[in-house]
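Reader: I would like to learn how to read the features of a structure such as this one, taking the general idea before the particular case. Could we look at it together?

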Amino acid sequence: MTGTWLITGARPLGRDAADVLVRDGLIAEIGPGLDEPGAQRLDAGGLILLPGLVDLHTHLREPGREDAETVSSGTAAAALGGYTTVHAMANTEPVADTAGVVEQVWRLGREAGRCDVQPVGAVTAGLAGSRLAELGAMADSAARVRVFSDDGRCVDDAVLMRRALEYVRAFGGVIAQHAQDPRLTSGAQVNEGEISARLGLTGWPAVAEEAIIARDCLLTAHVGSALHVCHVSTAGSVEIIRWAKSKGWRVTAEVTPHHLLLTEALAAGYDPAFKVNPPLRTAEDARALRAGLADGTIDCVATDHAPHPLEDKETEWEVAAFGMTGLETALRVVHQALVEPGLLDWAGVADRMSARPAAIGRLSGHGRLAPGEPASLVLYDPSPREAIDPTTHASKSRNTPFAGMVLPGRVVATFLRGRPTVLDGKLAW
Amino acid sequence: MNRHLISAGDLSQDDAVLILDTADELDRIAERPVKKLPTLRGRTVVNLFYEDSTRTRISFEAAAKRLSADVINFSAKGSSVTKGESLKDTALTLEAMGADAVVIRHSASGAPHRLDGLRVTIVGDVLHSRVARSNVLLLSTLGAEVTLVAPPTLLPVAVGSWPCAVGYDLDAALPKADVVMMLRVQQERMNAAYFPTVREYSRRYGLDAARMALLPEHGIVMHPGPMNRGVEIAAEVADSVRSTIVEQVANGVSVRMAVLYLLLSGSDQGDQR
């Protein structure tokens with residue numbers, strides 16, 4: 001189904017309607033009244049045209065936990081959510097801490113073909129936090145790894161974090177930190193505050209995130225490297241990152257859709273669908289995160305798509321796994337949380353969900369709607385309002401916290417380098 | 001005892017050239033059947049080594065003895081230093097005993113003469129290397145263009161202020177190097193998280209035959225020793241015709257002789273501080 005496509009009447013970045021001619025995998029032309037005999041036509045009247053979305057934070061679970069997700073099912077979910085690139089996190093089994101594993105994940109993505117898979121390499125061997133993994137070997141591999149993270153675990157040893165930040169300068173890499181002081185969060189279950197006190201669950205204090213972020217910003221400045229802060233969840237973190245950026249330090253940050261929209265109050269029913277790490281925070285935190293994303297302090301939205309099989313979620317709260325799926329709902333959540341209240345326009349959405357995450361991942365060919373650019377695109381219908389139905393999801397797991405929630409919008413089509421992966425809201429093949 | 005040579009950075013270009021010219025002259029002694037000059041007869045040189053460094057000590061000892069000085073070796077290990085004596089008191093004691101010169105563990109390395117525009121690439125553990133520090137200072141004083149190549153973890157944070165270029169990619173640096181100097185990776189660094197594994201270090205920053213082929217035709221390979229064959233330098237590179245590692249040792253003795261000679265012989269040309 002590759003070939004020449006003429007997409008008519010779409011609104012690039014939500015602006016005036018235009019036609020888009022896609023040829024040889026590239027955007028050939030954008031403008032009104034285009035015609036191309038023989039092209040396959042897609043009537044996109046009223047649809048928003050965005051560059052294909054880029055997720056910096058996806059757990060594809062393969063290799064090791066194929067019961068939760070595979071590269072194939074995860075990239076199908078990504079395509080349905082409008083994504084054309086996902087960064088696959090390293091906490092697989094075996095851990096993606098060698099050139100061999102990252103190349104395997106990268107190849108699985110190429111074979112699946114619905115969405116580019118850019119592996120994230122582990123910072124420390126086996127995520128054990130004691131010595132650096134062979135970062136250079138992963139950087140030099142076919143997967144060309146540039147983002148390194150022990151996500152799920154914090155690189156809490158300050159010397160090791162310093163060395164990692166320094167070491168990746170050799171190949172222009174970035175350390176993506178899961179900011180969580182392990183001693184302050186031993187056994188932590190929910191945000192520490194009134195709710196944790198009432199529910200009798202161990203608290204996860206905001207300071208455990210903020211202290212690590214502050215330290216890492218200072219380390220990054222000291223050694224002149226680049227830091228990316230994963231899933232920022234507190235108002236204090238936003239302030240620290242704003243300060244670090246004001247100094248001109250190379251610090252970037254992401255926020256998840258769930259932290260933008262949901263709050264700790266949802267934990268009151270002890271439903272593990274709402275159990276996630278870092279935990280859902282207060283309404284005040286969520287407000288600060290939305291404002292931070294809107295003003296650019298937080299660079300991008302990243303899903304932290306974390307699929308878990310039913311048996312790991314249908315349990316008592318304290319034994320349930322942390323994590324939520326997110327690829328298939330992210331754009332709609334951002335629509336609801338930022339576009340509808342007027343905090344972000346569609347150009348802003350394209351920036352925060354495509355251009356900036358691609359830049360942080362050191363990827364080219366993403367985030368721009370212009371002739372000559374790769375035709376990785378998403379067409380989004382902003383008008384419907386429907387409840388989220390997890391049974392329709394392509395992800396192997398169903399642990400979405402948005403089940404039953406009415407959200408605006410619908411991804412109609414996704415193109416990966418000129419080839420449709422999603423048409424009429426369904427997988428194209 | 002009022003002359004000092006503490007840092008290569010204290011040497012002017014004239015000083016450095018004087019030392020090297022003197023070394024050149026003294027070098028010829030090594031070719032004689034009797035490798036000895038009477039110049040420093042009756043003078044006493046103390047080698048005061050706070051850190052074990054066999055090569056450096058032997059080199060200084062040979063240099064002093066060839067100039068007929070009496071040599072006393074003093075290792076900090078097992079001496080009053082381990083009992084808490086300060087450096088100042090140790091030095092005063094040695095002076096009272098009649099030492100004319102005290103060599104405190106420091107290393108310097110032989111270098112050729114006119115270096116204008118010579119491109120020298122120094123590779124490896126710059127952070128912990130006296131050799132690299134001395135070389136950057138001295139070589140740039142002598143007009144060479146120095147490039148440091150190392151994992152960023154093994155470069156000092158403020159390396160940007162040094163008179164040299166800095167890179168992380170050895171393959172990119174080699175075709176532009178007239179001289180490549182490989183630094184030793186010390187055992188204790190290997191397990192201190194400066195780099196992931198010895199293999200990765202060797203893969204990215206080790207000089208093997210394939211990398212040596214990237215050097216210009218006239219390019220030479222140096223190493224201040226002792227070498228870790230198979231880590232920063234492959235055996236076939238260390239033993240190749242391009243390697244000047246053995247000559248470096250011989251030159252090291254000559255340079256040390258020159259320094260001792262200039263510091264002790266009362267030569268009024270030498271104005272090292």
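Author: Let us begin with domains, whose bounds come from an automatic or database domain assignment. In chain B that assignment gives domain 1 (8-109 + 249-264) and domain 2 (119-245). Please keep in mind that this is a predicted model, in which local features need pLDDT of at least 70 and side-chain atom pairs count only at pLDDT 80 or more, while totals for chains, interfaces and linings use all residues. Residues are numbered from 1 along each chain as its sequence is written, and chains are lettered from A and ligands numbered from 1 in the order in which they are written.

Reader: How many residues of domain 1 and of domain 2 of chain B take part in the contact?

Author: Two residues are in contact if their C-beta atoms, placed from the backbone, lie within 7 Å. The C-alpha centres of the two domains of chain B lie 27 Å apart, and the contact takes 11 residues from domain 1 and 11 residues from domain 2. For classes, Ala, Val, Leu, Ile, Met, Phe, Trp, Tyr, Cys and Pro count as nonpolar, Asp, Glu, Lys and Arg as charged, and the others, Gly among them, as polar. The side of domain 1 of chain B that touches domain 2 of chain B then has five nonpolar, five polar and one charged residues.

Reader: What radius of gyration does chain B have, and what would a compact globule have?

Author: The radius of gyration is taken over C-alpha atoms, and the globule rule is 2.2 Å times the number of residues to the power 0.38. For the 273 residues of chain B the rule gives a value near 19 Å, and the chain has 19 Å, which agrees with a compact globule. Along the principal axes, the C-alpha atoms of chain B fill a box of roughly 55 × 40 × 35 Å. Of the contacts in chain B with a separation of 6 or more, 80% are between residues 24 or more positions apart.

Reader: Which domains does the assignment give for chain A?

Author: Chain A is assigned domain 1 (5-48 + 373-427) and domain 2 (52-360), and the C-alpha centres of these domains lie 26 Å apart. Here 28 residues of domain 1 of chain A are in contact with 41 residues of domain 2 of chain A. On the side of domain 1 of chain A that touches domain 2 of chain A, the elements giving two or more residues are strand E16 (377-387), strand E17 (406-416) and strand E18 (419-423) of chain A, and the largest share, six residues, comes from E17(A).

Reader: How does E17(A) pair with E16(A) and with E18(A)?

Author: Helices (H or I, at least four residues) and strands (E, at least two) are DSSP runs, numbered from the N terminus, and two strands pair if DSSP finds at least two bridges between them. E16(A) and E17(A) pair in the antiparallel sense over eight bridges, with A:Thr414 of E17(A) as the bridge partner of A:Val378. E17(A) is also joined to E18(A) by three bridges, again running antiparallel, and here A:Thr414 has A:Val422 as its bridge partner in E18(A). E17(A) and E18(A) form a hairpin with two residues between them, and A:Arg417 in the turn has a positive phi of about 45°.

Reader: Is E17(A) mostly covered or mostly open?

Author: A residue is buried if 20 or more other C-beta atoms lie within 10 Å of its own, exposed if 12 or fewer, and partly exposed in between, with C-beta atoms placed from the backbone. E17(A) is mostly covered, since eight of its 11 residues are buried.

Reader: In what order do the strands of the open sheet in chain A stand?

Author: Five strands form that open sheet in the order E9-E10-E13-E14-E15 (chain A), with parallel pairing. Strand E9 (147-148) and strand E15 (300-301) stand at the edges, each with a single partner strand, so one side of each is left without a neighbour in the sheet. Within the sheet, three bridges join E10 (residues 174-177) to E13 (residues 227-229) of chain A, and A:Leu227 in E13(A) is the bridge partner of A:Ile175.
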